[in-house]
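Please keep the sequence and the 3D view open while reading.

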Amino acid sequence: MARGKPVEIATRSFDNQSKATEFFREMLGRYKAGDRVSDDDALDLSALLERHDEYPQKVGKGVDHFEVMATEHGTNCFRIVRIDGTGTDFSYRHCITQRPPSRKQEVSAAFRRVIQFDLYAARDKFFSDHRGEDGKVSCAVTRERIVRDEAHMDHRPPMTFEVIVTTFLEGRGMNLDQVPITSGLDEQVSPEVTDGDLAEAFRGYHSRVAKLDIVKSAINLAQSSRNRIKDGRVKLT
């Protein structure tokens, strides 16, 4: 679906995907993890959910209510609580675009899950080593002073995360379809690599080749990679 085309759901209409995304992003931002979504907002979420390509699986025996849950990536998402007590997450962006993630995106997400705690450890060490008296460090892109909960570890070009995944697989003679991952499971915010040896091999490779910078989480990472400040940054080595 082109971004310029209207998005129609049972409860309201949007001129384009951008406006629909803004509406549901603002809705999500009104809640914190663990909150139950209001009945009024639930009407819009129910209507939006009908656009999901896995709608029958997501709904199961029926939706009791919606709530907000924290993801392993430090963000929040919407969660369905079914009438039988089971639940699962869903992406409002997925429903708006009606475009499921590609195999490449799923494999990348699975490998990112492998190293997520290494990234948290690197972030915490950076703050321990470099924070000022205000408890903050400088974002490598904007130079804004940020606290730990605002910080995200960004892979420095040329070894972006995409390049690291690609070179890792090429070095092992593997293609995307040969990476064993979970997909479409309840409560699965992101896929998981099911081969433990492969996951540990990737952790080791990532540790050897990745160069990380600390940036503010709210910054679009693709844009930050293009516009990052190259001189005078505090770097992780």
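A residue is called buried when its relative accessible area is under 20%, exposed when it is over 50%, and partly exposed in between (1.4 Å probe, protein chains only). Helices (H or I, at least four residues) and strands (E, at least two) are DSSP runs, numbered from the N terminus. This is a predicted model, in which local features need pLDDT of at least 70 and side-chain atom pairs count only at pLDDT 80 or more, while totals for chains, interfaces and linings use all residues. Residues are numbered from 1 along each chain as its sequence is written, and side-chain values use heavy atoms, with hydrogens and water left out.

Begin with strand β8, residues 151-155. Four of its five residues are buried, so the strand is mostly covered. Strand β9 (residues 212-216) runs antiparallel to β8, and five bridges join them. Two strands pair if DSSP finds at least two bridges between them. One place to look is M153, whose bridge partner in β9 is I214.

How many of the five residues of β9 are buried? Five of the five are, so β9 is largely enclosed by the rest of the structure. In a regular strand the side chains alternate between the two faces of the sheet. In β9, L212, I214 and K216 point one way, D213 and V215 point the other way, and all are buried.

The peptide bond from P157 to P158 is cis, with omega near 10°. Most residues other than glycine have a negative phi, and most peptide bonds are trans.

Next come two helices. Two packed helices are described by the angle between their axes and the distance between the axes. Axes are lines fitted to C-alpha atoms, for helices over the stretch in contact, and angles run from 0 to 180 degrees between N-to-C directions. Helix α5 (residues 103-114) packs against helix α7 (residues 161-171) at an angle of about 95°, and their axes are 11 Å apart. That makes α5 roughly perpendicular to α7, a label for angles of 65 to 115 degrees. In contact terms (heavy atoms within 4.5 Å), K104, S108, F111 and R112 of α5 meet F161, E162, V165, F168 and L169 of α7. The residues of this contact divide into five nonpolar, one polar and three charged. Here Ala, Val, Leu, Ile, Met, Phe, Trp, Tyr, Cys and Pro count as nonpolar, Asp, Glu, Lys and Arg as charged, and the others, Gly among them, as polar.

Some single residues remain. Q98 sits in the loop between α4 (92-97) and α5. Its phi is positive, about 55°, although Q98 is not a glycine. With 40% relative accessibility, Q98 counts as partly exposed. R143, in the loop between β6 (137-138) and β7 (145-146), also has a positive phi, near 70°. R143 is partly exposed at 31%.

D64 belongs to strand β3 (residues 63-70) and is partly exposed at 44% relative accessibility. Not counting residues up to four places away in sequence, D64 touches R36, V81, R82 and I83. D64 and Q98 are 34 residues apart in sequence and 23 Å apart in space, C-alpha to C-alpha.

Last comes confidence. The predictor's confidence in each residue is its pLDDT, from 0 to 100. The chain has a mean pLDDT of 89, and 91% of its residues reach 70 or more. Where pLDDT is low, the predicted coordinates should not be read in detail.

Technical notes
Parallel < 35°, antiparallel > 145°, perpendicular 65-115°, else oblique.
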